[in-house]
Amino acid sequence: MTTSRRTTTASDSPFLLGGDLEIRRIGLGTMRLTDATGDGTHAGAQIWRAPTEADDAIALLRSAVDRGVQLIDTADAYALGQSEELIARALHPYRDGLVVATKVGNVRPSATEWVPLGHPAYLKQQVELSLRRLRLERIDLVQLHRLDPAYPVADQVGALADLRDEGKVRHIGLSEISVAQLDEALAAAPVAAVQNRYNLVDREHDAVLDRSTDEGIAFLPFFPLAIGDLALAGSPVADIARELRVTPSQVALAWLLRRAANVLPIPGTTSVAHLEENLGARALTLDDARFERLSGLSGPVAR
Ligand SMILES: NC(=O)c1ccc[n+]([C@@H]2O[C@H](COP(=O)([O-])OP(=O)(O)OC[C@H]3O[C@@H](n4cnc5c(N)ncnc54)[C@H](OP(=O)(O)O)[C@@H]3O)[C@@H](O)[C@H]2O)c1
C-alpha cells in the first residue's frame with residue numbers, strides 16, 4: 001500500500017487548481033444527472049440522454065453551488081452534450097469561483113459504446129462545442145477523457161495546449177492515465193489535473209496519485225464512493241462511521257481528503273439529501289489511527 005507520501009490537511013482546506021483557482025475540495029460529478037442506470041459501468045449505464053426529471057437535476061446543481069461546491073465535473077460525452085447544456089441552464093451566469101470542468105476525447109456511436117478518439121482536430125472541435133454548450137469563452141479545466149493510442153500523447157495534449165494559448169482553455173487535465181502517460185503529457189504542456197478511478201477499496205492508481213501529489217497536480221478520484229457501495233449500511237467503513245456518529249459516505253470521502261491534499265473527490269448523486277450528507281465530510285478529519293485502519297481495507301464491497 002502506498003500511503004506514506006500523503007500530505008495531511010484538514011478536510012475543508014482549499015486547493016489551488018492549476019496554481020490560480022482556489023476551490024473547496026469536494027466537488028460534484030454530474031454523470032448521473034442523465035439517464036444513468038445500473039452500476040455505472042459502461043455495460044450497465046446509458047448516460048445517453050438528458051434526465052427525464054430535468055427540473056430535479058437543475059435544483060440539485062443549484063443546491064450544490066448554494067452549499068459551496070466550487071467544482072462541477074461533466075463531459076461532452078455525457079448525454080451527448082446535454083449534460084453540459086443542463087449545467088449551463090442551471091448555473092449560467094456562473095458564480096465567481098465556480099470551476100466547471102469538462103472532458104473531450106470519447107465518441108459515443110451508441111448508448112453502450114465509449115470509443116476514444118484523439119485526432120487533434122476532433123479534440124479542438126469538441127472544445128469549441130463545449131464552449132457553446134457551457135456558454136463560456138474559456139473553460140477552466142478541459143480533461144482528455146481517454147488517451148487514444150492511435151495518436152501521440154504530445155499531439156492530443158498539444159491540441160488542448162493550442163486552445164490554451166488561444167485563451168479558450170485555462171487548464172489541461174487527463175483521465176485514466178498511467179504514470180508514464182502523465183510524464184509524456186507533462187513533457188508536452190503543464191497538466192493541472194488527473195482524473196482516475198480511485199476510492200478506499202480500489203487503489204490501483206496509488207502511484208498516479210502520488211506522482212500527481214509530488215507535481216502539485218489535482219487528483220480527481222472518480223467513483224469516489226465505489227458507485228455508491230461505500231455509502232451502504234454494509235460498507236466496510238460502517239464500523240468507523242458508527243464510532244464517529246457519521247455516515248459511511250462521509251467516512252469514505254474523509255479518507256480521500258486525508259489521503260493527500262491534492263485529492264478533489266467528485267461524488268455523483270441525484271439526491272439533495274445525499275449531496276448534503278456527502279458535503280458533511282468537509283467537517284470530518286480522521287485521526288491517524290482511524291486513517292490507518294481504513295487504509296488497511298481493500299477489495300470489493302459485499303452488497
Ligand atoms: N473520467 C472518467 O472516465 C469517469 C468515469 C466515471 C465517472 N466519472 C466522474 O466521476 C463522478 C462520480 O462517479 P459516479 O457518480 O459514477 O460514482 P460515485 O460518486 O462513486 O457514486 C455515485 C452513486 O452513489 C450514490 N450515492 C452518492 N452519495 C450517496 C450517499 N450519501 N448515500 C447513498 N448513496 C449515495 C448515488 O446514488 P444517488 O443518486 O441515489 O445519491 C450514485 O448511485 C461522475 O459523476 C463523473 O463526473 C468520470
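Author: Of the 303 residues in the protein chain, 54% are buried, meaning under 20% relative accessible area, with exposed over 50% and partly exposed in between (1.4 Å probe, protein chains only). Keep in mind that this is a predicted model, where local features need pLDDT of at least 70, side-chain atom pairs count only at pLDDT 80 or more, and totals for chains, interfaces and linings use all residues. Residues are numbered from 1 along each chain as its sequence is written, and side-chain values use heavy atoms, with hydrogens and water left out.

The protein chain has ten helices and eleven strands; these are DSSP runs numbered from the N terminus, helices being H or I with at least four residues and strands E with at least two. Its radius of gyration is 18 Å, close to the 19 Å from the globule rule for 303 residues, so the chain is as compact as a globular protein of that length. That radius is taken over C-alpha atoms, and the rule is 2.2 Å times the number of residues to the power 0.38. Along the principal axes, the C-alpha atoms fill a box of roughly 55 × 45 × 35 Å.

Just after α6 comes glycine 216, with a positive phi of about 75 degrees.
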